[in-house]
Amino acid sequence: MTRNCKAYFLLTSIIFISICHICVYGGTNSSKSAKQANLSEIKAKYNAMVDELISSIKHSNDAEYKLHAFITLGELRAEKAIPFLLANMDFMPPGDWKYTFGLPPAGYALTLIGTPSTKFIIKEIKNFPDSNSVEDKDKMVYLTAVFRISCGRGGGHTDQIALIYLDEEIKHTKAPKQIKNLIRSKKLINKWQQSVKKNSHR
């Protein structure tokens, strides 16, 4: 099952990329209107593929299938799937998480989508419930980690970019509870920064 799962989703990604390449670059003599029609067809197929993956995750009880389906949404940079991914951050596959580097699969998918995810994640952080449960504490850590990594998808200086985004959001936020959550995320990032610096000097 493992090989079949990975092979299926890898093939899905390769086929889609191949279709895009052929449609956009295939006909050097194609008219502008024909190329635009090709692009419209690509978008329709892309959206249909994303919708099918989301639907399959919703209706599947196979944890391994869901793991690879989440990753495929990330590899496809499926921006329309961002709210769905955020709503499924609590899905934790059993066993080895090496495919998602220790993050929940939906969170890892968000990091693959990158910068477009950040505004949605910030909103999620701001409206995070005021809870001291272990599950909620873990989720805040995951959300902040995903936010931090997503900020760096456009280049380096991941922590600095994430902290700038959070500072800007704090400036434009009035609700005390939301400010408290944003500061909480900042503290987590600062803590990780200090840990990295400490380890680098060993």
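**Exercise 1.** In what order do the elements of the chain run from the N terminus on?

*Solution.* The model is predicted; local features need pLDDT of at least 70, side-chain atom pairs count only at pLDDT 80 or more, and totals for chains, interfaces and linings use all residues. Residues are numbered from 1 along each chain as its sequence is written, and side-chain values use heavy atoms, with hydrogens and water left out. The elements run α-α-α-α-α-α-α-α-α. The count is 9 helices and 0 strands, taken as DSSP runs numbered from the N terminus (helices H or I, at least four residues; strands E, at least two).

**Exercise 2.** Determine where confidence is lowest and highest in the chain.

*Solution.* Begin with pLDDT, the predictor's confidence in each residue, from 0 to 100. Its mean over the chain is 83, and 79% of the residues reach 70 or more. The lowest confidence falls in helix α1 (residues 2–25), at a mean of 53, and the highest in α4, at 97. Where pLDDT is low, the predicted coordinates should not be read in detail.

**Exercise 3.** Describe the largest nonpolar core and the surroundings of Leu73.

*Solution.* A nonpolar core joins buried Ala, Val, Leu, Ile, Met, Phe, Trp, Tyr and Cys residues through side-chain atoms within 4.5 Å; buried means under 20% relative accessible area (1.4 Å probe, protein chains only). The largest such core has 44 residues, and Leu73, Leu85 and Phe147 have the most contacts inside it. Elements giving two or more residues to this core include α2 (32–59), α3 (63–75) and α4 (82–87). Next, take contact as heavy atoms within 4.5 Å. Not counting residues up to four places away in sequence, Leu73 touches several residues, among them Val50, Phe84, Leu85 and Ile113.

Note on methods. Buried < 20%, exposed > 50% of the residue type's maximum accessible area, 1.4 Å probe, protein only.
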